[in-house]
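This report describes a predicted model.

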Amino acid sequence: MSPLPASHFNTDAQVPLPELAHPGTCRCALHARRRLGGVLIGSGALAALGLPQAAAAQQDALASQCKVSSLTKLVSANQIEQGAAQQYQQMLQQAAQQRALAPANSPQLQRLRYIAKRIIPLTAGCNPRAKDWRWDVNLIGSSDLNAFCMPGGKIAFYFGILAKLKLDDDEVATIMGHEVAHALLEHSREHIAKSVATRGVIELGSALLGLGGAGSTLANMGGQLLTLKFSRSNESEADALGLVLSAKAGYRPDAGVRLWQKMMAANKGAPPQLLSTHPTSDSRIRDIQARLAGLGPVYASAAKPDQRFGPPSA
């Protein structure tokens, strides 16, 4: 499975989203050996790759946002991460078959990997499992507005989100920080645990109330709504942690406001917030604006990127 030369990169392929790409129905670190863009990386190689070392003070600021739900204990992390790795590889194979897996010399893939190298060193202080993850960063040639980080550090951006929204580096880092936050907070694992627990409780209540078939229908509808609420809560948690990650990596936290303004313009006719797995864009913008004052000192003290990249050329 080898990416093709940049001149043959197909940016309008149909590549199915892996089931574990994001908790629920949403479309939208370092020790041992890890994987970045197809290269296995040992902890001793960080300096050679130019990966910044996270200071103890940086980890303190992350701690308040790095709270994994106790429900995750109901589901095996190893199984979730192994399943995610398999699904991720299948996605890469499907993309490669359509000439839609960006080659290593793709400027946009190099951009993603550079930004990832600034964020990844911060993750070990947030989730102890992240130190053993084998990180992988790839660019998929699809016009969809999508990006994700699967359990175990499997990152993918779709070309469409970079090109259609004309994202600058700060906006890309905002998205990447958000998606990495989902993985660090183990939201996929939490979602599976909550889904099992929610269905069990609702069906038990229906039986106790003697609702029969009607109870089963209500259980299906109520279970969906409860799960969606969990997903919106997960999104807000990932926004909060993701902004800290991107700010500590040296990217402007106020880029989140521009990002969601672009998202709002690109997602006209989105479902109401009650029936959406994501908070509405205007709600997100208000939340980000409320956090900017606290993020200012974090960004000010962070080492800044020594490279800057632009969006894909038209």
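## Largest cavity

Seven nonpolar, four polar and three charged residues make up the lining of the largest cavity. The space inside this cavity comes to about 100 Å³. Of its 14 lining residues, those nearest the centre are I80, P151, A183, E186 and R189. Two or more lining residues come from each of α3, β4 (147-150), α6 and α7 (187-209).

E186, one of the residues nearest the centre of the cavity, sits in the loop between α6 and α7. Its relative accessible area is 11%, under the 20% limit, so E186 is buried. The backbone of E186 has a positive phi of about 55°, although the residue is not a glycine.

## Second largest pocket

The second largest pocket holds about 260 Å³ of space. It is lined by 13 residues, and E81, A85, R134, G152 and K154 are the closest to its centre. Helix α3 (residues 77-97) supplies the largest share of the lining, with five residues.

By class, six of the residues lining the second largest pocket are charged, four are polar and three are nonpolar.

In soluble globular proteins, nonpolar side chains tend to be buried together. In this model the largest nonpolar core contains 50 residues, and L139, F157, V180, L241 and L245 have the most contacts inside it. Helix α6 (residues 169-184) gives the largest share of this core, eight residues.

What does V180 touch, leaving aside residues up to four places away in sequence? Its contacts are I119, T123, W135, C149, I155 and L245. Of these, L245 is also listed with V180 among the residues with the most contacts inside the largest core. C149 has a relative accessibility of 4% and therefore counts as buried.

## Disulfide

The model has one disulfide. It joins C66 to C126, with an S to S distance of 2.1 Å. The two cysteines are 60 residues apart and link distant parts of the chain: C66 belongs to the loop between α2 (56-63) and α3, and C126 to the loop between α4 (107-119) and β3 (136-140).

Why is the disulfide left-handed? The torsion about the S-S bond of C66 and C126 is about -115°, and the handedness follows from that value. Both partners fall under the 20% limit for a buried residue: C66 is buried at 15% relative accessible area, and C126 is buried at 9%.

E237 is part of helix α8 (residues 212-248). Is E237 buried, partly exposed or exposed? Its relative accessibility is 31%, so E237 counts as partly exposed; the class covers values between 20% and 50%. Leaving out residues up to four places away in sequence, E237 touches L185 and H187. The C-alpha atoms of E237 and H182 lie 8.2 Å apart, while the two residues are 55 residues apart in sequence.

K166 is placed in the loop between α5 (159-164) and α6. Like E186, whose phi is about 55°, K166 has a positive phi without being a glycine, here about 45°.

How values were computed: Residues are numbered from 1 along each chain as its sequence is written. This is a predicted model: local features need pLDDT of at least 70, side-chain atom pairs count only at pLDDT 80 or more; totals for chains, interfaces and linings use all residues. Side-chain values use heavy atoms; hydrogens and water are left out. A nonpolar core is a set of buried Ala, Val, Leu, Ile, Met, Phe, Trp, Tyr and Cys residues joined through side-chain atoms within 4.5 Å. Buried means under 20% relative accessible area, exposed over 50%, partly exposed in between (1.4 Å probe, protein chains only). Helices (H or I, at least four residues) and strands (E, at least two) are DSSP runs, numbered from the N terminus. Contact means heavy atoms within 4.5 Å. On a 1 Å grid over the protein atoms alone, a cavity is a set of points where a 1.4 Å probe fits but cannot get out, and a pocket is an open set with protein on both sides within 12 Å along at least five of seven lines; lining residues have an atom within 4 Å of a point. Grid points are joined across faces, edges and corners, and a volume is the space filled by probe spheres set on the points. Ala, Val, Leu, Ile, Met, Phe, Trp, Tyr, Cys and Pro count as nonpolar, Asp, Glu, Lys and Arg as charged, and the others, Gly among them, as polar. A disulfide is a pair of cysteine sulfur atoms within 2.5 Å.
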